[in-house]
Amino acid sequence: MVLFANIDAERGQRLKQRFREVAPDQVLVLPDDSFEKQDVRHLLTWKIPENLAECVNLEIIFSVGAGVDQFVATGVPEGVTLVRLIDPGLTAMMQEYVAMAVLSLHRDLPAYVAQQEQAVWKQVSLPPPARERRVGVMGLGELGKGALAALGNFGFQLSGWARSPHQIAGVDCFHGEDGLQRFLPSVDILVCLLPLTNETRGILNKDLFDRLPNGASLVHAGRGQHLQHDDLLSALETGQLRSAFLDVVDPEPLPDTHPFWRHPQIILTPHVACMTRVEMLATAIAGNLDRHRAGKPMAGVVAVERGY
């Protein structure tokens with residue numbers, strides 16, 4: 001069975017080399033290779049290619065990353081299984097990023113960066129101990145649970161929210177709309193790791209910010225379309241929010257004149273919280289293909305009707 005890796009040539013060659021090591025019997029082809037489309041059973045890609053209909057025997061689409069909203073938006077062919085990337089390396093990267101961002105907001109890094117630009121040497125605040133800071137994570141999938149596990153090492157008071165119920169040791173878990181109303185007032189630093197669905201699009205807005213405690217902060221590493229830019233700017237201006245650490249925006253990159261670039265209360269990174277490495281990609285897909293051939297459930301199968 002042929003696996004078509006719809007990725008750039010440089011990464012594709014590295015992926016081929018890695019597959020020779022972890023799955024030597026797997027036939028892997030790249031866009032510039034000569035192959036018959038009807039032989040393709042499995043596709044690795046970031047988005048639906050224009051000529052997908054030519055792959056008439058396609059069974060599985062593997063996402064290059066953890067996000068799959070781009071597939072849900074364009075539609076997945078009937079009978080084809082969509083699988084998102086789940087890998088310990090990807091979770092570890094998100095753990096590092098969220099810990100960095102939460103600690104930065106906990107210790108007022110945006111204010112110190114702004115002071116440095118003005119050559120100001122002054123203590124901004126006396127932060128409370130981590131055990132008195134309440135950190136809440138929206139989105140309790142693999143990445144959200146991993147982020148909470150990392151944050152627990154610092155002693156923060158932890159809570160989490162998702163659409164469906166969860167139980168996580170050491171974490172106060174909430175779910176559904178009623179749960180969201182109880183979750184938000186108890187969060188000093190909000191971390192968004194939600195999947196992008198019709199229900200979560202634009203969720204980071206004035207209504208949500210107003211339900212957080214005055215002076216709360218935001219870490220956003222979910223999807224750019226979650227965030228209403230003007231609402232964030234207004235919340236920062238009024239003091240409802242103290243600061244924000246953003247890894248995702250819409251569009252990416254932002255226009256040069258966008259206020260996020262130079263806002264003294266915002267730290268902006270260019271969508272680098274999780275970056276897929278070819279080595280872990282090959283290992284994860286090879287493992288899933290082995291499970292599939294053995295008739296076992298694959299890791300990361302997406303319920304397309306839910307969007308994650």
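Q: Which residue stands opposite Ala216 in S11?
A: In this predicted model, Ala216 stands opposite Leu241.

Q: What makes S10 and S11 a pair?
A: Pairing needs at least two bridges. S10 and S11 have 5 bridges, in the parallel sense. They therefore count as paired.

Q: What makes the path from S10 to S11 a right-handed crossover?
A: The chain goes from S10 through H8 to S11. Right-handed means a clockwise path, with the strands pointing away from the viewer. This β-α-β crossover is assigned that hand.

Q: How do you know that S9 pairs with S10?
A: At least two bridges are required. S9 and S10 are joined by 4, and they run parallel. Cys192 stands opposite His220 in S10. S9, H7 and S10 also make a right-handed β-α-β unit.

Q: Why is S10 called largely enclosed?
A: Buried means under 20% relative accessible area. Of the 5 residues of S10, 5 are buried, so the rest of the structure largely encloses this strand. Ala216, Leu218 and His220 are buried on one side, Ser217 and Val219 on the other.

Q: What makes the largest set of nonpolar residues a core?
A: Its members must be buried and joined through side-chain atoms within 4.5 Å. The largest such core has 29 residues, and Phe209 and Leu232 have the most contacts inside it. H8 gives the largest share, 4 residues.

Q: Which residues does Phe209 touch?
A: Contact means heavy atoms within 4.5 Å. Beyond four places in sequence, the partners of Phe209 include Leu218, Leu232 and Leu241.

Note on methods. Residues are numbered from 1 along each chain as its sequence is written. This is a predicted model: local features need pLDDT of at least 70, side-chain atom pairs count only at pLDDT 80 or more; totals for chains, interfaces and linings use all residues. Side-chain values use heavy atoms; hydrogens and water are left out. Buried means under 20% relative accessible area, exposed over 50%, partly exposed in between (1.4 Å probe, protein chains only). Helices (H or I, at least four residues) and strands (E, at least two) are DSSP runs, numbered from the N terminus.
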